[in-house]
Amino acid sequence: MAVLPDTDRQRIWRGLMRAADFGGMPNVVKADLKAAVDAADTWVDSNAASYNTALPQPFRNNATSAQKALLLCAVVLMRFNLDLLRRVFGEVD
């Protein structure tokens, strides 16, 4: 999987700037946030094989790329914001 095209990275960047949940950060300007989006996307691309290898069988061989990505999103959201996880996935209790 390749890194996202810049148009998609810009969509993420603009979405984060509009998201009330994301909130503001002192001493971080728009260019800093865009650089963070770019860095996160590059990291995901660089570590995709490692993530896939870490997944247990048979999930690894039977899940789609989208399902694997959704799994990672759910785990990360749960680690940091249960309310946001519930808004994205519905009831998780």
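Tutor: A residue counts as lining a pocket if it has an atom within 4 Å of one of the pocket's grid points, and a pocket is an open set of such points with protein on both sides within 12 Å along at least five of seven lines. The model discussed here is predicted.

Student: Which residues lie nearest the centre of the second largest pocket, and how many line it?

Tutor: There are 18 lining residues, and Met1, Val44, Ala48, Tyr51 and Ala69 lie nearest the centre. Helix 2 and helix 4 are the elements that give two or more residues to this lining. Helix 2 gives the most, with nine residues. The space in this pocket comes to about 480 Å³.

Student: How does the lining of the second largest pocket divide by class?

Tutor: It divides into 11 nonpolar, four polar and three charged residues.

Student: What makes up the lining of the largest pocket?

Tutor: That lining has 21 residues, with Ile12, Leu16, Ala40, Cys73 and Val76 nearest the centre. Helix 1 (6-18), helix 2 (30-54) and helix 4 (65-80) each supply at least two residues, and helix 2 gives the most, seven. By class there are 17 nonpolar, two polar and two charged residues. The volume of the largest pocket is about 820 Å³.

Student: Why is the pair Lys34 and Asp6 called a salt bridge?

Tutor: The cut-off is a side-chain nitrogen of Lys or Arg within 4 Å of a carboxyl oxygen of Asp or Glu. For Lys34 and Asp6 the N to O distance is 2.8 Å, so the pair qualifies. The two residues sit in distant parts of the chain, Lys34 in helix 2 and Asp6 in helix 1, 28 residues apart. The structure holds seven salt bridges.

Student: Is Lys34 buried or exposed, and how do you know?

Tutor: Buried means under 20% relative accessible area. Lys34 has 15%, so Lys34 counts as buried. Asp6 has 39%, which lies between 20% and 50%, so Asp6 is partly exposed.

Student: What does the salt bridge of Arg9 with Asp41 tie together?

Tutor: The closest N and O atoms of Arg9 and Asp41 are 2.8 Å apart. Arg9 lies in helix 1 and Asp41 in helix 2, so the pair ties together parts that are 32 residues apart in sequence. Arg9 and Asp41 are both buried.

Student: Where do Lys34 and Asp38 lie?

Tutor: Lys34 and Asp38 both lie in helix 2, four residues apart, about one turn of the helix. Their closest N and O atoms are 2.8 Å apart, and they form a salt bridge. Salt bridges that share partners join Asp6, Arg9, Lys34, Asp38 and Asp41 into one network.

Student: At roughly what angle do helix 4 and helix 5 cross, and which residues make the contact?

Tutor: The axes of helix 4 and helix 5 (residues 82-89) come within 6 Å and cross at roughly 145°. Helix 4 brings Leu70, Ala74, Leu77, Met78 and Phe80 to the contact, and helix 5 brings Leu82, Leu84, Leu85, Val88 and Phe89.

Student: What makes this contact nonpolar by class?

Tutor: Ala, Val, Leu, Met and Phe count as nonpolar. The residues of the contact of helix 4 with helix 5 are 10 nonpolar, no polar and no charged.

Technical notes. Residues are numbered from 1 along each chain as its sequence is written. This is a predicted model: local features need pLDDT of at least 70, side-chain atom pairs count only at pLDDT 80 or more; totals for chains, interfaces and linings use all residues. Side-chain values use heavy atoms; hydrogens and water are left out. On a 1 Å grid over the protein atoms alone, a cavity is a set of points where a 1.4 Å probe fits but cannot get out, and a pocket is an open set with protein on both sides within 12 Å along at least five of seven lines; lining residues have an atom within 4 Å of a point. Grid points are joined across faces, edges and corners, and a volume is the space filled by probe spheres set on the points. Buried means under 20% relative accessible area, exposed over 50%, partly exposed in between (1.4 Å probe, protein chains only). Axes are lines fitted to C-alpha atoms, for helices over the stretch in contact, and angles run from 0 to 180 degrees between N-to-C directions. Contact means heavy atoms within 4.5 Å.
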